[in-house]
Every structure is written in structure tokens, then in C-alpha cells.
Amino acid sequence: MKIPKLHPRYESLKTRDLTAEGVKKGITSIHGLIAHGRGEAFDYLLGERTNDFAKKSVDSAAALLLLAKHPVISVNGNVAALVPKEIVKLSEIIPAKLEVNIFHTSKQREIRIKKHLEKYGAKNVLLPDRKYQIKYMESNRKYVNPNGILKADVVFVPLEDGDRTEALIKNGKKVIAIDLNPVSRTAQKATITIVDNIVRAMPLLAKTIKQYKKYNKNKLNNIVNNYSNKKILEEAIKKIRKL
Ligand code: PTJ
């Protein structure tokens with residue numbers, strides 16, 4: 001759909017259109033449209049901008065990703081539709097592995113997401129291997145790649161559903177999430193939650209990582225250790241309540 005650039009809600013409509021296109025291409029699940037709508041509602045309440053609390057989470061996420069020994073970026077249908085270029089770029093600059101992990105089971109969709117990321121320059125996209133799984137999980141998301149999420153110490157789960165964050169934490173991993181809903185299970189359980197729209201947060205995260213590459217381990221550790229996810233979520237909830 002051609003959206004007029006002068007439309008007051010241009011950015012929001014463009015993002016919505018990307019998700020709808022993702023469904024047409026068979027990358028995004030039909031349920032992804034509902035997830036997107038929920039995100040839009042929270043984005044509206046948060047002022048459709050990157051708030052200071054989100055900037056603090058981005059700083060801490062950048063430091064943690066640079067400190068990680070085996071960082072992995074988990075990609076689902078919504079992420080692939082909204083920020084394919086940014087995800088591939090991020091995996092190169094950290095560097096981190098890319099692994100497809102989807103909730104609504106479909107082998108075909110996993111392969112389509114992999115091919116879609118390859119179109120944007122990804123060289124090695126891992127797929128879940130049904131021989132390997134993480135503990136404390138029932139859904140399709142339990143299946144992982146032995147060279148990816150299974151051995152990861154930090155897993156980046158931009159835009160996620162339900163119980164996987166909690167399970168990843170119980171499996172001894174640190175989790176970075178992007179979620180516009182500060183009271184979601186994912187937001188509450190993650191090590192670091194970036195309460196912002198993925199389309200705004202991803203470029204900022206890439207920029208911050210490039211900047212932090214100059215920092216030594218001590219400085220990066222200080223940034224991570226001085227961060228409180230609980231406080232950040234409280235600030236986000238306060239912002240919504242103040243409306
Ligand atoms: O491709 P699949 O099968 O793995 O499915 C992916 C979705 C996203 C459909 C699946 O994980 C799902 O159902 O997610 P939920 O439970 O609807 O949760 C998605 C969360 O992401 C919600 O808390 C939304 O508020 C949030 N969200 C939606 N759009 C955005 C967002 N957060 C950041 N940026 C967005 N653009």
C-alpha cells in the first residue's frame with residue numbers, strides 16, 4: 001500500500017504495512033497482526049518515541065551484548081518483517097549468531113524467514129534442530145540449534161511472546177527483550193527490557209554498540225551492574241499512568 005508521506009501517522013502506518021506484507025510473503029504469522037496491534041496501542045500510550053528509560057536499557061543491552069561470549073539474536077516472523085536489514089547489521093557488528101525461533105509452528109515459515117534474512121545479507125542463519133531443546137518449555141520455541149541458543153550465554157529476543165524468556169533464564173541465560181508492553185511476562189522476566197518500538201530501538205542499539213566497542217570490559221561491566229530492570233519498568237508504567 002502506498003502511504004502518503006505527509007500523513008500525520010505515516011511512520012505508524014508504514015510499520016503496520018510491513019507486518020501485513022510479512023503475512024502476505026509467508027514470513028509473519030497471521031497472529032503477528034494481532035501482536036502488532038497490541039504493540040501499537042502501547043506505543044500510542046508511550047508517546048510513540050524513544051523515552052529516556054528505553055535509552056538506558058539500550059545502553060545496558062549494548063554493553064551486555066559486547067560482554068557476551070556466545071550472543072544469539074532470536075528472530076521470529078514479526079521481527080523478520082519489520083527490521084530484517086537492522087537485525088542482519090546488528091549480528092555483524094556485535095558479532096552475534098542469528099537463529100530463527102517461532103511460536104506458531106511451521107517448518108516452511110522458518111525456511112522463508114532464513115531466506116528473507118539472506119536477501120538482506122545474512123551469511124549464516126541457524127534453524128532450530130528438533131534433536132535439541134531447552135528445559136522448562138512446552139511450545140515449539142523449545143527447539144534450538146546446538147551452535148546457537150543452546151550454548152548461548154546472552155539471548156536477544158526482540159518482540160517476544162509468553163513464557164520463553166522465563167525458560168531461557170531458568171536455563172542459565174541472560175535475556176534482552178524489546179517489548180512495548182512493560183507489564184508483559186517477557187518484559188517482567190527479562191534481564192534487560194527495552195520498552196520501545198523495535199523499529200526505533202534497533203538503529204539506536206546498533207549505534208550504541210558501535211560507540212561502546214571502544215570501551216574496556218570494566219567500563220562495560222559498570223554499565224551492566226548499575227542497571228536495574230525493575231526501575232526501568234516502573235518508569236515506563238509511570239509514564240503510561242501519567243497520561
Ligand atoms: O512468528 P511467531 O510464530 O514466533 O509469532 C510471533 C508473535 C509476535 C506473533 C508471537 O510471539 C506472539 O503472539 O506474541 P505476543 O504474545 O502477541 O506478544 C508480542 C509482544 O510484542 C506484545 O507484548 C506486544 O506489545 C509487543 N510488540 C508488538 N509489536 C511491537 C512490540 N514490541 C516492540 N515493537 C513492536 N513493533
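**Exercise 1. Find the salt bridge between D196 and R200, and state whether each partner is buried or partly exposed.**

Step 1. The side chains of D196 and R200 meet in a salt bridge, with N and O 2.8 Å apart. A salt bridge here is a side-chain nitrogen of Lys or Arg within 4 Å of a carboxyl oxygen of Asp or Glu.

Step 2. This is a predicted model: local features need pLDDT of at least 70, side-chain atom pairs count only at pLDDT 80 or more, and totals for chains, interfaces and linings use all residues. Residues are numbered from 1 along each chain as its sequence is written, and side-chain values use heavy atoms, with hydrogens and water left out.

Step 3. D196 has a relative accessible area of 2%, so D196 is buried. R200 has 23%, so R200 is partly exposed. The cut-offs: buried means under 20% relative accessible area, exposed over 50%, and partly exposed in between (1.4 Å probe, protein chains only).

Step 4. Look for further partners. D43, D196 and R200 are linked in a network of salt bridges.

**Exercise 2. Which parts of the chain does the salt bridge between E40 and R16 tie together?**

Step 1. Check the distance. The closest N and O atoms of E40 and R16 are 2.8 Å apart.

Step 2. E40 lies in helix 2 (residues 31-45) and R16 in helix 1 (residues 10-24), so the pair ties together parts that are 24 residues apart in sequence. Helices (H or I, at least four residues) and strands (E, at least two) are DSSP runs, numbered from the N terminus.

Step 3. R16 is partly exposed, at 43%.

Step 4. A search of the whole structure finds 16 salt bridges.

**Exercise 3. Describe the salt bridge between E166 and K189.**

Step 1. The closest N and O atoms of E166 and K189 are 3.7 Å apart.

Step 2. The pair links distant parts of the chain: E166 is in helix 7 and K189 in helix 8 (residues 185-189), 23 residues apart.

Step 3. E166 has 22% relative accessibility, so E166 counts as partly exposed. K189 has 38%, so K189 counts as partly exposed.

**Exercise 4. What does R109 reach, given that R109 is buried yet has no salt bridge?**

Step 1. Locate R109: helix 6 (residues 107-119).

Step 2. Check for opposite charge. The nearest such side chain, E110, is 7.9 Å away. Lys and Arg count as positive and Asp and Glu as negative; His and the chain ends are not counted.

Step 3. Turn to the backbone. The side chain of R109 reaches the backbone oxygen of H104 at 2.9 Å. The backbone oxygen of I27 lies 3.1 Å from a polar atom of that side chain.

Step 4. Turn to the ligand. An N or O atom in the side chain of R109 is 2.7 Å from an oxygen atom of the ligand.

**Exercise 5. Where does N171 lie, and which backbone oxygens are close to its side chain?**

Step 1. N171 lies in the loop between helix 7 (164-170) and strand 7 (174-178).

Step 2. N171 has 21% relative accessibility, so N171 counts as partly exposed.

Step 3. Two backbone oxygens lie by a polar atom of the N171 side chain: that of A167 at 2.7 Å and that of K135 at 2.9 Å.

Key: Polar contact = N/O pair within 3.5 Å; in protein donor to acceptor, adjacent residues only side chain to side chain.
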